[in-house]
Amino acid sequence: MLALGAETEGAMDWRRHRREAHRLSQTQEHLKQIVYGGNDGIVTTFAIVAGFAGAQAEGVAQIGGVAVLVFGLANLFADAISMGLGEFLSLRSQHDLYRARRTSELREIAADPEHERMELFEILRQRGLPAGEADTAATIMSRHPEIMADLMMTYEFGMQDPDEDSPVLSGLFTFVSFIVFGAIPLFPYFILDATQTTFVLSVAATAAALIALGLLRWNATGERMGRCVGETLLVGTICAVAAFGVGWLVGG
């Protein structure tokens with residue numbers, strides 16, 4: 001309580017408060033980027049391996065480990081950069097859209113405050129406040145346009161203030177997660193020749209990477225382990241089977 005009281009004397013650092021008071025880790029803050037980047041990295045890279053194996057289903061050794069690594073690594077880094085920059089641009093666009101919509105909402109509040117007050121009243125009433133309390137709350141909020149605009153952005157437009165989310169940091173987490181998890185399916189080809197056994201080891205490594213990603217998700221969310229791991233494995237397996245099937249159809 002002393003730390004909270006000291007912070008409230010000035011501007012409240014909510015990011016710091018979440019980490020210290022609620023023990024919110026970096027993994028939890030960037031779980032979306034880690035899972036998104038990691039899953040896509042695993043699936044995308046294994047798709048290269050599976051595609052080659054499917055195309056040469058009767059003689060995997062003909063592929064050559066160098067070919068798998070060249071295509072796999074080129075795809076890994078190209079897609080990681082694309083994913084990281086895509087996350088960066090997506091979040092920047094979200095920031096711009098939020099600010100533009102909020103500015104428009106402030107103009108609407110200034111132009112027709114009673115209409116906006118009635119909209120907020122209806123929102124609060126539908127969310128469970130009795131009519132009298134909803135009317136009182138809406139009247140109070142109408143005297144504070146900035147706070148009212150924030151409430152309307154959340155409840156009318158379903159948009160959360162993204163200012164605390166760093167586009168650079170989100171893009172970096174996506175990039176790193178893609179590289180770290182996406183390199184795992186290629187690992188057997190770094191140390192062994194391209195044989196059927198190497199492909200089987202790559203399948204096992206891919207499964208292990210998907211399980212690890214599922215466990216990371218479970219650790220961050222506290223949801224049921226079976227659900228977190230099972231969903232991650234299922235998505236990865238569907239994509240891997242599709243990649244192998246396309247390779248087999250085209251090259252078999």
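View 1. A53 counts as buried because its relative accessibility is 2%; the cut-off for buried is under 20% relative accessible area, with exposed set at over 50% and partly exposed in between (1.4 Å probe, protein chains only). This is a predicted model, so to speak of local features takes a pLDDT of at least 70 and side-chain atom pairs count only at pLDDT 80 or more, while totals for chains, interfaces and linings use all residues. Numbering runs from 1 along each chain as its sequence is written, and side-chain values use heavy atoms, leaving out hydrogens and water. A53 sits in helix α4; helices here are DSSP runs of H or I with at least four residues, strands are E runs of at least two, and both are numbered from the N terminus. Its C-alpha lies 9.6 Å from that of A243, although 190 residues separate A53 and A243 in sequence.

**View 2. The largest nonpolar core.** Twelve helices and zero strands make up the fold, and the largest nonpolar core in it has 12 residues: F46, V49, A50, A53, V68, L69, L186, Y189, A194, F199, A240 and A243. To count as such a core, buried Ala, Val, Leu, Ile, Met, Phe, Trp, Tyr and Cys residues must be joined through side-chain atoms within 4.5 Å. Helices α4, α5 (65-111) and α12 each give two or more residues to this core, and α4 gives the most, with four. Another core, of 11 residues, lies apart from it and includes L120, I123, A138 and A149. Back in the largest core, L69 is in contact with A74, L186, Y189 and F190, leaving aside neighbours within four places in sequence; contact means heavy atoms within 4.5 Å.

View 3. G41 counts as buried because its relative accessibility is 0%, and its place is in helix α4. Not counting residues up to four places away in sequence, G41 touches F178 and G182. Beyond its neighbours within four places, E105 is in contact with E116, A149, M152, E156 and F157.

**View 4. The second largest pocket.** This pocket has a volume of about 180 Å³. Of its 13 lining residues, F46, V203, G236, T237 and A240 are closest to the centre. Helices α4 (31-55), α11 (196-221) and α12 (225-251) each give two or more residues to the lining, and the largest share, six residues, comes from α12. The lining has 10 nonpolar, three polar and no charged residues. On a 1 Å grid over the protein atoms alone, a pocket is an open set of points with protein on both sides within 12 Å along at least five of seven lines, and lining residues have an atom within 4 Å of a point. Its volume is the space filled by probe spheres set on the points.

**View 5. Where the confidence sits.** The protein averages a pLDDT of 81, and 82% of the residues score at least 70; pLDDT is the predictor's confidence in each residue, from 0 to 100. Where pLDDT is low, the predicted coordinates should not be read in detail.

Notes: 1 Å grid on protein atoms, 1.4 Å probe; cavity = no way out; pocket = protein on both sides within 12 Å on 5 of 7 lines; lining within 4 Å. Nonpolar A, V, L, I, M, F, W, Y, C, P; charged D, E, K, R; others polar.
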